[in-house]
Amino acid sequence: MYQIISYNFVYYTLYMKNKGLGEFEELVLLAVCILEDAAYGISVKKEVEKHSGRSILLGAVHITLYRLQDKGFLKSELGGNTEKRGDRRKRLFSITDTGMQQLKAAQEVRQKMWQFIPQLNPEV
Amino acid sequence: MNKPPKIFLKFFRWFCHPRLKKPIEGDLMELYEERIVENGKKNADLKFIRDVLLLFRPSIIKPADGTYRINNYGMLRNYFITSIRFIKREKLFSLMNIIGLSLGIGCALVIYKILEHETSFDKHHKNYERIFRVVNEFDQTEHGTVYFAGQPHALAEGLRNDFGIKAAMSYYEKNGLIVIDDGAGNKKRFQEKEGLAFVQPEFLELFDFEWISGDPSTALSGQGKVILTSSIAQKYYGLPEKEVHLATGKSLTLENEKTLYVSAVIKDLPSTSDFPFTSIFHYQDQDATNRYFYEGKSWQEYNSNTNCFVLLDEASSDTRLEDQMKEYLIKYQPEDMASLMELKLQPLSEMHSSSTVTRNYRGETVSDNKLIALGVVGLFMIITACINFVNLSTAQAVKRSKEVGVRKSLGGNKVQLVTQFLSETLLITTISAIAGLFVAQLLSSQIENIFGYDISLNLFSGFESLKILMVIVLAVALTSGMYPAFILSRMNPILAVKNSLNVKQTSGFLSLRRALVVFQFAISQILIIGILVLNMQMDYFLTKDLGFNDDSIIVVKLPDSTTEKLQVMKNNLLANPHIEKVSYSTSGPLASWKVNNPIFHPQITEENPSGNLKNIDEEYIALYELDLIAGENFTSGDPEDQAIVNRMTTKLIGFDNPVDALGESFQYGRSGRKYIIKGVVEDFHAGSLRREMDYVVLANQKWNIYQAAIKFNTDQTSLNDIKDLLDYTEKQWSAVYPDNVFDFEFYDEQLAAMYDKEQRISEVFKIIVAIAIIIGCLGLYGLISFMTNQKTKEIGIRKVMGASVLNIWNIFSKEMVTLLLIAFIIAAPVAYYAMNSWLDNYAYRIELTPTVFVISILVSLVIALVTISYRSIRASKANPVLSLRDE
């Protein structure tokens, strides 16, 4: 048991070291969180477009989703069909614990740095 | 239901990673449906296509691995790995292959670059197609039609007025004294050796320059203005490159006569310009340096440095002006002169590479034939390198036979094997091409030194060069890879695995291999003969008795020839005991610059004989050790209508015995004066040995005195003594000409420099010969290793029977010598013909002696034997047990 834990720990830290979070990846991750159970290619694309105001390519979204899955920040399962999709089932994504941790960590780093910007916090 | 464009959907399904296929396709379809509702089908289709195309990216395309391989990827990878392993295992063989190919490719690249350079001259002018140079066609019945580009000063103005076209004169002067006064009384003097141009303002409308400062339309609007190039402005005014525009408005003095103001600064002219200008003056300002300017109004003064350019409305095919100009000169010239020649138009594109008008401001032109010859040499280099590769690769065939056998028995077919060996060749060629780039870099720096121009071998600057490199790589890989690939793939698998190549099976290609080696040998022998002849001719040029002495003499230019100044300088110079003689004259006995005019005498039978006039003083004949065979030397105070001529001239006017010609008078020049023959000297070379000797007239007039010749005492041999003497001479010279720059040359060096062109050709030749020999040796080595591989058993048996190393070495050498002799039989006549026709360019030339050919065959024999000895001795020293055991 001990061995397995330590293995996971090493694996995790290595992961964290090598696989950071890119800006677009972060947006996608956030969108997946917002969408909860309905996160798949198009909905994520639309969500990111809605918030960021920029036009995004479907391919970019897919690549990012699968990359995040490879990194262990997302997990996926096959979802149901709709009329429009014929028999092509959706792959629904949801965030993993690691992903959540990563998001929080990124947020914390930013928050910390924000505090030290004198222009933004004149009283400090 | 609406369907998206089928072909793109199919494309998507084909390339997409199976893991992603369904969800993404679903997304695509969903979006498509939505878009149809929003924007209509057409828009949705377009967006669908866009999405599909943008999805075609590495992380979505299915990997070419595992179960989803793209066709033969795995096999190709295996070929690649095998090739790498083979290269690693056969290090020497691969190294030789790569060296040979990279030398060939490097050479070809450099030659390509030279050709590109030579053919891109003056193309940067936007009027390139429409600019023409007016040249003269001079019909000499004796020597055929001759062309020259020198024109009278008034021609352009005449053409402008009479035909209403744009025309401009230009005059180019190599030598000029420029003085810069910094205002505080300090004067900097520059004796320029090139780059002074005098052009009419219209010239700037015809040709393009890149202006840094100043206005093209007013830069030469009047006299007293000068345009400088960036680098010369930096030199004159000590400005950093970024501030050259500050030179505008500054002044300079030309030949201590005219002070001019810089009106504009232009960028340096590109290296591919036949106008090597550094400073451009107004045409009328040339009276400061050109004594024969006559205010630019003359219609009769011809000078090869005075050219006329016109701009036509349409490109090259326009011959209307040429027709109009046919009878044009008669309007301005006396009839007998005007009838001599006809005006023709030469397109700017031919100015650099014309074989008829052989001069431009840069110097001599290159003829198209020479460029073609160069291209052929480049091709030859590549071909020999390919031959080499073929030889070396087939030599390895025996070693590869087991591999081929195994591949074949496992079901590999012929096409696959050919593909394998071709891809291997491609790999080796690519490596060689990269190495070839380094070779080319090395070579080009050599060539740049020799030719003095920048061929800027930056392959990565232009897509063009990279394309050429790729074409070369593919062509070489295909031509040199085909043959070995077919040989190898043709092998019988059973025999191949047994490692016993049937002699019958290979005899055909053995003879081809021999033919290839003979071909290579022949090429290197032709080249060796070529370089030998070239060097012998150069030697002949430099050592031939010219009929006068050129040793221990320095020549110094004279800014002016005031009799008093010359006398003062002479007295001061002769005061030094180590200075033997001082003579003032037009030029030395042999000079590149000449005054030529026809000689008239009632007894002359030759048509238009042209005589070379030099004004000399009484010391001249003694200083240059000319041989006075009749009459007397000049003495000071002689009347100016006397002349000393050479023996040829006395023959010309009908006297076989020179003594009989004394006292005879002849006319020199169309409207020139008469001279009485006072003395006769033995014939000497007044021009380069490329040409026949000239008729020479030596007169003692006081004009046209341009140069002082100073002879040092010959026992002054140490370098320091000579330096002291030069310093002394400079001091005396500067005392008389304080406003000029002392500029001297050793006379023998000046003469040697006349054969600069030949010297440079021989330098380039040496490089080519060296490379050709190296490549040839590699090919030879390939052949010999093939033979030793073939004869391993034979050698073993011979050794068991008691043959010595020498005996075995003999077997191989005998064959090589035979091949060499066959090659020689091919090479000798080709080389004889080629070198003979080259030597025919020269009036004074060596005869081709058998020695040259003997030397060439000896040299190639030695090289060949050295090359094969290493391999054959190693083969003959091998333990016979090892070679015989393998059964």
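The predictor assigns the complex an ipTM of 0.70, together with a pTM of 0.68. Within chain B the average pLDDT is 84, and 94% of the residues score at least 70. An exception is found at residues 502-507 of chain B, where pLDDT stays under 50 and the model has two contacts beyond four places in sequence. Where pLDDT is low, the predicted coordinates should not be read in detail.

Chain A contains five helices and two strands. Read from the N terminus, its elements follow the order α-α-α-α-β-β-α. Of the 124 residues in chain A, 25% are buried. When contacts in chain A between residues at least 6 apart in sequence are considered, 45% join residues at least 24 apart.

The contact between the chains involves 16 residues from chain A and 17 residues from chain B. On the side of chain A that touches chain B, helix H3 (41-52) and helix H4 (58-71) each supply at least two residues. The largest share, five residues, is contributed by H4(A). By residue class, this side of chain A comprises six nonpolar, four polar and six charged residues.

Two packed helices are described by the angle between their axes and the distance between the axes. For H4(A) and helix H2 (residues 18-39) of chain B, the axes come within 11 Å and cross at roughly 150°. The crossing of H4(A) past H2(B) is right-handed. From H4(A), the residues Leu58(A), His62(A) and Tyr66(A) meet Leu20(B), Ile24(B), Asp27(B) and Leu31(B) of H2(B). Five nonpolar residues, one polar residue and one charged residue form this contact of H4(A) with H2(B).

Strands of a sheet pair through backbone hydrogen bonds, either parallel or antiparallel. In chain B, both kinds of pairing occur around strand S23 (residues 674-681), to which S21(B) runs parallel and S22(B) antiparallel. S23(B) is mostly covered, with six of its eight residues buried. Strand S20 (residues 628-631) of chain B pairs with S23(B) in the antiparallel sense over three bridges, and Ala630(B) has Val680(B) as its bridge partner in S23(B). The parallel pairing of strand S21 (residues 642-646) of chain B with S23(B) is made by five bridges; here Ala643(B) stands opposite Ile677(B). Strand S22 (residues 665-668) of chain B is joined to S23(B) by three bridges, and Gln667(B) is partnered by Lys674(B). Five residues lie between the strands in the hairpin of S22(B) and S23(B), in which Gly669(B) adopts a positive phi near 95°.

Chain B also holds an open sheet of four strands in the order S17-S25-S16-S26, with antiparallel pairing. Strand S17 (579-585) and strand S26 (744-746) of chain B are the edge strands, each pairing on one side only. On average, and with direction ignored, neighbouring strands of this sheet are turned by 20° against each other. Strand S16 (residues 553-557) and strand S25 (residues 707-712) of chain B run antiparallel and are joined by five bridges. Lys557(B) stands opposite Gln707(B) in S25(B). Helix H17 (residues 563-574) of chain B lies across S17 and S25 of chain B, running at about 165° to S17(B).

Terms used:
Residues numbered from 1 in each chain as written. Chains lettered and ligands numbered in written order. Predicted model: local features only at pLDDT ≥ 70, side-chain atom pairs only at ≥ 80, totals over all residues. Contact = placed C-beta atoms within 7 Å. Nonpolar A, V, L, I, M, F, W, Y, C, P; charged D, E, K, R; others polar. Buried ≥ 20, exposed ≤ 12 C-beta atoms within 10 Å, placed from the backbone. Axes fitted to C-alpha atoms, helices over the stretch in contact; angles between N-to-C directions. Left-handed = near helix turned anticlockwise from the far one by under 90°. Pairing = 2+ DSSP bridges. pLDDT = per-residue confidence, 0-100.
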